[in-house]
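Subject: Handing over a structure

Dear colleague,

I am passing this structure on to you, and my notes on what was found in it follow below. Please read them with the structure open.

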8 protein chains.
Amino acid sequence: ERTGHPEVIFGLGKTADQTEAIFARLVEVHGRALVTRASPETAERITARFPEAVYDAPSRLIRYGSPRRSFKGTVMVVSGGTSDLPVAEEAAGTAEWMGCRVDRIYDVGVAGIDRLLAHRERIREAHVVIAVAGMEGALPSVVGGMVRRPVIAVPTSVGYGANLQGVTTLLAMLTSCASGLTVVNIDNGFGAAYHAAMILQLVAEADA
Amino acid sequence: ERTGHPEVIFGLGKTADQTEAIFARLVEVHGRALVTRASPETAERITARFPEAVYDAPSRLIRYGSPRRSFKGTVMVVSGGTSDLPVAEEAAGTAEWMGCRVDRIYDVGVAGIDRLLAHRERIREAHVVIAVAGMEGALPSVVGGMVRRPVIAVPTSVGYGANLQGVTTLLAMLTSCASGLTVVNIDNGFGAAYHAAMILQLVAEADA
Amino acid sequence: ERTGHPEVIFGLGKTADQTEAIFARLVEVHGRALVTRASPETAERITARFPEAVYDAPSRLIRYGSPRRSFKGTVMVVSGGTSDLPVAEEAAGTAEWMGCRVDRIYDVGVAGIDRLLAHRERIREAHVVIAVAGMEGALPSVVGGMVRRPVIAVPTSVGYGANLQGVTTLLAMLTSCASGLTVVNIDNGFGAAYHAAMILQLVAEADA
Amino acid sequence: ERTGHPEVIFGLGKTADQTEAIFARLVEVHGRALVTRASPETAERITARFPEAVYDAPSRLIRYGSPRRSFKGTVMVVSGGTSDLPVAEEAAGTAEWMGCRVDRIYDVGVAGIDRLLAHRERIREAHVVIAVAGMEGALPSVVGGMVRRPVIAVPTSVGYGANLQGVTTLLAMLTSCASGLTVVNIDNGFGAAYHAAMILQLVAEADA
Amino acid sequence: ERTGHPEVIFGLGKTADQTEAIFARLVEVHGRALVTRASPETAERITARFPEAVYDAPSRLIRYGSPRRSFKGTVMVVSGGTSDLPVAEEAAGTAEWMGCRVDRIYDVGVAGIDRLLAHRERIREAHVVIAVAGMEGALPSVVGGMVRRPVIAVPTSVGYGANLQGVTTLLAMLTSCASGLTVVNIDNGFGAAYHAAMILQLVAEADA
Amino acid sequence: ERTGHPEVIFGLGKTADQTEAIFARLVEVHGRALVTRASPETAERITARFPEAVYDAPSRLIRYGSPRRSFKGTVMVVSGGTSDLPVAEEAAGTAEWMGCRVDRIYDVGVAGIDRLLAHRERIREAHVVIAVAGMEGALPSVVGGMVRRPVIAVPTSVGYGANLQGVTTLLAMLTSCASGLTVVNIDNGFGAAYHAAMILQLVAEADA
Amino acid sequence: ERTGHPEVIFGLGKTADQTEAIFARLVEVHGRALVTRASPETAERITARFPEAVYDAPSRLIRYGSPRRSFKGTVMVVSGGTSDLPVAEEAAGTAEWMGCRVDRIYDVGVAGIDRLLAHRERIREAHVVIAVAGMEGALPSVVGGMVRRPVIAVPTSVGYGANLQGVTTLLAMLTSCASGLTVVNIDNGFGAAYHAAMILQLVAEADA
Amino acid sequence: ERTGHPEVIFGLGKTADQTEAIFARLVEVHGRALVTRASPETAERITARFPEAVYDAPSRLIRYGSPRRSFKGTVMVVSGGTSDLPVAEEAAGTAEWMGCRVDRIYDVGVAGIDRLLAHRERIREAHVVIAVAGMEGALPSVVGGMVRRPVIAVPTSVGYGANLQGVTTLLAMLTSCASGLTVVNIDNGFGAAYHAAMILQLVAEADA
Ligand SMILES: Nc1ncnc2c1ncn2[C@@H]1O[C@H](COP(=O)(O)O)[C@@H](O)[C@H]1O
Ligand SMILES: Nc1ncnc2c1ncn2[C@@H]1O[C@H](COP(=O)(O)O)[C@@H](O)[C@H]1O
Ligand SMILES: Nc1ncnc2c1ncn2[C@@H]1O[C@H](COP(=O)(O)O)[C@@H](O)[C@H]1O
Ligand SMILES: Nc1ncnc2c1ncn2[C@@H]1O[C@H](COP(=O)(O)O)[C@@H](O)[C@H]1O
Ligand SMILES: [Mg+2]
Ligand SMILES: [Mg+2]
Ligand SMILES: [Mg+2]
Ligand SMILES: [Mg+2]
Ligand SMILES: [Mg+2]
Ligand SMILES: [Mg+2]
Ligand SMILES: [Mg+2]
Ligand SMILES: [Mg+2]
């Protein structure tokens with residue numbers, strides 16, 4: 001509440017029953033609710049009871065209701081490979097639910113640098129950048145070096161072997177040579193979007 | 001440059017000669033320079049040649065020149081214990097050098113929660129919060145739950161044994177139960193301040 | 001036996017057959033038995049044969065018989081999130097089975113500090129406190145700073161990514177800045193309750 | 001204060017100046033003070049200014065003043081090898097300073113089980129047991145199986161190679177097969193003693 | 001062959017087809033074969049075709065044929081908990097298949113030291129001791145301190161949380177304070193038995 | 001010898017005496033020698049006795065004699081930051097001593113992608129590329145995506161905190177999204193150069 | 001493309017639908033395609049639609065089309081145990097698809113050194129050697145000491161316990177005492193083959 | 001004592017005073033003593049007071065007195081590189097002090113397999129083999145495949161980067177593909193020799 005947004009339900013490890021109960025209470029009190037990491041079963045249950053609720057399978061988000069206000073400015077979500085899509089969409093969908101306009105540039109991994117460079121101007125125009133990548137996690141470093149805006153790095157658990165389920169990606173991002181990059185937990189698209197929304201909310205309120 | 005600030009010199013592992021050379025070039029080109037992790041020897045050398053340069057021993061920062069503009073709003077730096085002071089001051093000094101107004105609340109560890117709560121209102125008034133803590137790294141979680149503003153967590157290498165030179169603190173902050181917290185590398189006060197300054201710069205430029 | 005309590009059966013990895021056999025022997029010899037981490041199958045088998053045995057699904061405990069004596073004083077079990085409930089209830093149920101009176105305060109995570117503070121007096125009145133938390137594991141530090149009684153921290157495996165299946169929580173609790181906190185293994189509600197019961201048993205016997 | 005004892009100064013990483021200043025304040029306010037991990041330099045400084053302060057080189061403790069009350073009952077400190085002595089003495093000295101009577105049994109490692117068994121009765125008579133051990137950390141498991149009292153395990157950083165500076169010892173103690181053992185950080189004799197004193201304080205106050 | 005024993009088939013990750021093929025070849029060439037970690041399916045297949053082959057479900061061994069010679073002396077297998085049984089039996093069965101006489105003492109964990117001490121003389125009479133334990137892995141240290149014979153420690157993956165799937169047990173055994181203990185991989189009862197058999201073979205051949 | 005080059009002396013942990021003795025023998029037998037990680041003391045000793053030996057302080061190499069043949073083609077050494085220079089030069093110097101022509105492009109970190117892109121054509125013309133980088137280790141991924149030649153990645157121990165003395169960099173490079181990258185040990189410029197020289201030697205000999 | 005080969009599809013974690021779509025596009029554009037880590041389901045789907053596509057179950061490769069050119073020289077794939085076969089075949093199949101002639105020597109683990117030595121001459125005749133091994137990963141060290149050609153080491157995840165899913169094998173290969181060995185990620189036969197093909201392509205093009 | 005040998009003094013972390021006191025007591029009681037990891041200072045002190053004591057600088061052993069009996073048979077110590085010498089000599093010297101005849105073959109690393117093979121017969125004649133190696137730790141695997149005798153592997157902390165101070169070597173040896181290898185802690189030449197002596201003692205006593 002302190003932030004102007006109802007608490008978000010972390011769906012993982014909750015039964016459909018538990019999620020439904022919390023969801024119903026949030027809808028009643030706030031007229032809005034968001035579930036992350038929702039299983040198809042939970043989604044079915046919620047959307048059956050709340051027809052306005054929308055489930056997005058790739059991101060596993062259930063969204064309900066509109067934000068109290070729409071923020072000025074854009075959150076850019078860039079990501080490396082197609083396997084990073086669920087996390088990128090968790091970020092994008094959360095930011096939208098919180099009132100942000102979102103721009104997406106996907107599949108621009110650093111091993112094909114020209115694809116990324118082709119979007120340089122569009123990336124520079126965003127107010128906040130969320131860079132999602134797995135494996136060696138280099139994308140945020142390259143993006144960080146391109147913009148004069150806050151950049152948030154999201155490591156994904158995409159990779160195998162020496163990737164250690166994303167721990168390598170996480171640690172690599174934390175030792176990035178790009179100044180001012182901040183990092184969230186592995187696969188935590190939600191957290192990155194929340195931080196981005198706090199920034200746009202500050203802009204909106206400082207602006208008033 | 002892309003951000004409107006000259007590159008910052010990371011002093012660790014550089015000789016006084018190397019640092020002096022880069023410093024001189026930055027002063028010439030930008031009229032401003034910042035060194036982090038400067039040794040006393042390097043500081044002596046630089047301040048002897050550049051009398052306007054100021055060395056702050058606790059934070060190990062050498063600052064020179066004024067920011068091009070002063071941002072509206074305040075960066076709050078809170079920290080847990082007295083051993084976290086060097087890192088907190090690296091954050092505070094960097095933010096100031098970049099044009100931010102800084103407010104400091106130190107020695108408010110979570111094991112004495114009342115000391116922290118006494119400052120709740122002052123913390124809520126800041127535009128961006130940097131929370132610096134070692135050991136179990138709980139401070140950012142508590143602070144994160146108090147404010148409607150972006151919070152950046154800085155783990156310090158203060159602790160022993162199971163602390164693993166700050167790695168435990170870092171990982172704990174990354175799994176914080178407070179939404180939207182972002183994290184930087186261990187002892188990286190500089191990086192947190194840079195991210196904070198990017199936020200205030202956005203406020204300033206979006207505001208214009 | 002040395003402690004005045006029969007050995008407790010660790011149900012994980014034991015077949016229903018194995019557990020039933022040990023259970024029957026304990027009931028015969030001691031008139032009491034406790035199984036932790038019991039699967040529903042095992043529970044069904046035991047309760048079918050021993051109708052007085054009670055299975056509690058959330059905590060996965062099977063309890064049988066009454067403690068030889070009831071200890072004076074209260075064990076307080078506080079926990080952070082709803083996902084920590086199974087572990088908190090393993091602690092609470094074990095303590096009760098051993099003869100302790102238990103008070104429970106759940107869902108008081110540190111990111112919403114006011115919920116926790118609302119119970120401050122009640123927590124201070126307990127004789128021993130068991131603080132159960134996952135993720136960054138900050139709850140025991142805050143609670144530890146509030147009371148003049150022994151506090152036992154129980155890390156849970158609730159979390160993902162940088163949480164490393166609770167290892168981060170465990171290590172964070174071990175480097176807590178609250179004095180005198182002791183820690184048990186991840187998800188080991190049983191162990192914390194056992195230690196708490198040893199304390200109340202000491203009070204009872206020293207008291208005599 | 002909440003516990004009836006002034007805050008204890010952790011000497012590691014503090015200058016003689018810093019420690020002296022905090023020490024002087026504690027003496028003034030409480031008439032008592034304790035420094036752990038004090039360097040010889042700091043000790044010299046403090047004892048020069050406060051002649052009543054006592055420095056014990058092996059444990060690196062500086063003690064000043066008497067406890068407000070002496071608790072009934074005994075804290076037993078057992079330890080494995082001679083290299084564990086500094087940690088064992090940190091525990092013993094802290095417990096004494098807090099008002100506990102302490103009994104010591106040192107050099108009773110598990111590879112010579114008869115030496116330990118020779119003291120079985122004396123160990124069983126204690127109210128609380130602190131078991132200090134390095135290397136494989138087996139001592140607390142054996143002791144834990146002998147007594148009907150709370151046992152606190154202290155891993156030490158004694159060992160090399162696969163010992164990983166005590167992390168192996170710590171983790172081994174956390175997975176002990178003795179019920180109800182609790183564990184503190186590596187080399188944290190202070191923390192174990194503090195927990196033990198909280199137990200004896202409870203006995204004393206519950207007793208009143 | 002170099003050792004006088006045919007190569008042993010490691011069943012894990014091999015299909016019934018693969019195992020059968022290698023088994024048949026070994027039987028043909030050597031008249032003897034041993035499979036470790038055999039699944040029930042593989043066992044069924046092998047025993048159907050080779051009626052003399054014997055499958056032991058707890059140890060997952062399939063044994064076929066008799067050793068060329070029976071060694072003088074006894075291999076003692078001691079183990080801590082009932083969950084360690086499969087590994088202890090892998091050791092015992094392998095040693096027998098190689099020509100050793102085996103003595104077994106199970107369920108003598110260090111937290112109930114008297115059960116272990118009751119067998120002290122019998123353990124001292126063995127020629128080689130294999131000590132199998134999970135959790136904190138203390139058993140080999142205590143046993144090692146009792147005998148004048150080679151002791152081989154086998155860590156098991158029995159435990160949870162801080163046990164790290166047996167890695168903690170393994171590392172603890174490697175830093176044992178008992179002199180001359182050697183260690184094999186986690187759950188590697190086979191390897192310990194092989195080493196023990198090499199010792200008895202040496203005794204036999206040096207003896208001749 | 002098998003490769004056509006004398007064994008190279010790894011100077012770390014060898015006394016000046018030891019290194020000198022081996023060096024003298026190599027010079028006598030092969031008329032050539034190379035020492036890596038030579039301390040200034042060792043270098044002084046060697047160059048005093050062998051005036052033709054050349055010590056290069058940044059790379060810590062002592063080189064003596066000329067390669068038997070000069071290979072066709074170029075080894076390109078690119079590196080990220082100035083702190084990576086010693087490792088980059090160990091690679092470059094070793095390659096030269098083995099008969100390779102070397103081209104160097106230093107200080108082209110990925111956070112300033114334009115500096116790197118400015119050299120794209122020159123990099124593509126090389127026969128083999130060695131990419132040296134510390135911190136997040138992204139440089140080899142970007143370079144790998146630019147060329148049709150074998151690329152060898154060298155992680156350096158440049159970084160702090162989450163960098164874990166280069167282990168993070170190493171693991172990140174191993175999970176690179178660029179196809180066909182191979183990796184050597186942390187700071188092992190020598191090994192990368194040796195592999196590169198084996199490639200040019202193959203070209204030369206296959207060519208003949 | 002930059003390398004003269006179409007991008008290769010990493011099948012793991014892709015649905016049959018996703019893989020089929022990318023496959024169809026690659027076939028259309030390049031007339032060639034390769035899928036690694038293809039599940040049987042995906043293979044069935046692809047081979048039904050593209051009858052010329054060939055699925056090899058052990059290596060999980062789907063190959064389609066012929067290389068633009070066949071390189072001169074041979075890639076030798078040697079491997080340690082039968083469990084390493086899938087990875088060895090991923091390397092061999094990839095190299096063939098890219099235009100390399102491949103020679104295979106399997107089941108030559110270092111614990112039976114004579115089997116390996118029997119092939120010494122054949123191994124020395126290859127242009128590039130890929131050495132695949134699990135467990136302690138010693139094979140590439142021994143092979144590396146035999147040849148005057150580039151050697152690429154591939155660690156496999158074959159092993160248990162202390163093997164840590166191949167991480168031990170990986171790290172062991174990176175600290176090999178054989179000069180000039182380079183290493184790829186765990187189980188990454190594809191990557192090793194790609195590097196080998198880049199070497200033969202260089203030979204071919206430098207040769208022209 | 002239980003083994004027929006006085007306890008051995010581990011010199012690391014003991015002052016010259018402490019070591020001297022224990023040494024004097026052992027000499028008095030047993031007429032024999034052994035110190036491992038003795039510093040030059042300690043050695044000087046001991047040899048000044050006990051002129052018969054012999055200090056060997058490379059192995060850091062101080063030996064005093066003769067074994068009660070000399071065992072039949074030979075302990076072979078083989079090692080990989082010259083840097084492994086201190087550990088190999090700790091093993092050799094300890095074995096001699098305990099009554100074993102020792103044969104040494106040093107500098108036979110697996111990357112030059114012929115040097116090792118040249119000694120194959122001599123190695124096969126030993127009764128027990130101790131194989132000492134750093135880096136990838138492959139030597140014991142190759143040796144283990146050559147002999148019909150017990151083999152003990154000693155990992156050394158020789159290596160850098162991915163070697164992780166010998167932890168990689170240790171884990172690699174534990175997952176060796178040679179049957180029946182047992183392993184001791186990193187750099188623990190003493191422990192390997194003790195195990196070897198227990199074997200020869202068994203041979204001697206079983207023989208009698
Ligand atoms: N204290 C610091 N911690 C982390 N990064 C820093 C710090 N100070 C400077 N940097 C970064 O390091 C870069 C300069 O690195 P270098 O080229 O080694 O001087 C700067 O542009 C910053 O991005
Ligand atoms: N949930 C639990 N976590 C840790 N230890 C337990 C648990 N439940 C029982 N135990 C311990 O495990 C012992 C029994 O182990 P077992 O012989 O395997 O049944 C008991 O005496 C307890 O010490
Ligand atoms: N900088 C280096 N990093 C890794 N390995 C090296 C290095 N320099 C030399 N070597 C290797 O170490 C071997 C010599 O080791 P040593 O016998 O200890 O001198 C050489 O043949 C090389 O294989
Ligand atoms: N088995 C493999 N292991 C590692 N990388 C692979 C493998 N197969 C394909 N790749 C790489 O993954 C890229 C395709 O990734 P994706 O876009 O996820 O299909 C290819 O261009 C290769 O660089
Ligand atoms: Mg990516
Ligand atoms: Mg703190
Ligand atoms: Mg919590
Ligand atoms: Mg000990
Ligand atoms: Mg056990
Ligand atoms: Mg770099
Ligand atoms: Mg192998
Ligand atoms: Mg070696």
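Chain H and chain G bury about 2100 Å² between them, 69% of it on carbon and sulfur atoms, where buried area is the accessible area (1.4 Å probe) that two parts lose on being put together, summed over both. On the side of chain H, the residues that lose the most area to chain G are Ala111(H), Glu136(H) and Thr175(H), which together account for 28% of what that side buries. The contact (heavy atoms within 4.5 Å) takes 25 residues from chain H and 25 residues from chain G.

This is a predicted model, in which local features need pLDDT of at least 70 and side-chain atom pairs count only at pLDDT 80 or more, while totals for chains, interfaces and linings use all residues. Residues are numbered from 1 along each chain as its sequence is written, chains are lettered from A and ligands numbered from 1 in the order in which they are written, and side-chain values use heavy atoms, with hydrogens and water left out.

Across the interface of chain H and chain G, the rule finds two salt bridges, each being a side-chain nitrogen of Lys or Arg within 4 Å of a carboxyl oxygen of Asp or Glu. One of them joins Asp114(H) to Arg120(G), with the closest N and O atoms 2.5 Å apart.

As for chains A and B, chain B can be laid on chain A with an RMSD of 0.0 Å by a turn of 180 degrees and a shift of 0.0 Å along the axis, the superposition being by least squares on the C-alpha atoms of residues with pLDDT of at least 70 in both. The two copies are thus related as by a two-fold rotation axis.

With best regards
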